[in-house]
Amino acid sequence: MNIRNLLDRTSTGLATLRAKTELENSNNENSLNIQLETVFIKILNLVYGYSLSSANLISGNFPGVDALDSESRIMVQITSTFSAEKIEHTIGQVLDKGLDADFGKLIFVFLKSKKKLSKSSADRLRAKISGRFELDFDTMLIDPGDIYGILAAEQDMDKLLKVNKILDEAIHGIPE
């Protein structure tokens, strides 16, 4: 298998998950969102080199975030909802629960396509964070397209094979 074929499989897998999420959410079905938290934790660990684990392993229905990397001090919220209100709600939970004492960065992974925040929304959110942790609205709001972009730029065959295995298991439920 060559890089082009692996990239094609990767883009198809990521696009399939994005489209399935959008379709099922439009019918008020959200169980896929929960399954994809684990899938994207695995993918983020591979692509970005994180050591994330599910926050629900610490406490069921952990407040505000879905994954934590204590070593890198990273919190991750994985969601299908892109809105300033969703981001603000998560920031509020992080601050209310004091997670900013142990974690210095908050990253959002959007299962569907992300949008651009308005300047006024971004300014309001920055004021709420008030320097207590980092949330860069240009680089820390990511979606499947951003993940694919990194993989396409790197063209790391081993990484692509591993990401495709995760995607295949999520989509087809058939381990190799």
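I looked up the bend in helix α2 and found a kink of about 30° centred on Glu37, the bend being the angle between axes fitted to the seven residues ending there and the seven starting there; helices are DSSP runs (H or I, at least four residues), numbered from the N terminus. The model is predicted, so I noted that local features need pLDDT of at least 70 and side-chain atom pairs pLDDT 80 or more, while totals for chains, interfaces and linings use all residues. Residues are numbered from 1 along each chain as its sequence is written, and side-chain values use heavy atoms, with hydrogens and water left out.

I then checked the span of α2 (residues 31-48): its 18 residues reach 26 Å from first C-alpha to last, close to the 26 Å expected, which is 1.5 Å times one less than the number of residues. Glu37 is among the buried residues of α2, as are Leu36 and Phe40 (buried is under 20% relative accessible area, exposed over 50%, partly exposed in between, with a 1.4 Å probe and protein chains only). After α2 comes Gly49, with a positive phi near 75°.

I searched the whole structure for salt bridges and found twelve, counting a side-chain nitrogen of Lys or Arg within 4 Å of a carboxyl oxygen of Asp or Glu. Lys159 pairs with Glu154 at 2.8 Å between the closest N and O atoms; Lys159 is buried at 14%, whereas Glu154 is partly exposed at 39%. Lys162 and Asp158 form another, at 3.2 Å, and are four residues apart in helix α6 (residues 157-172), about one helical turn.

How values were computed:
Helices (H or I, at least four residues) and strands (E, at least two) are DSSP runs, numbered from the N terminus.
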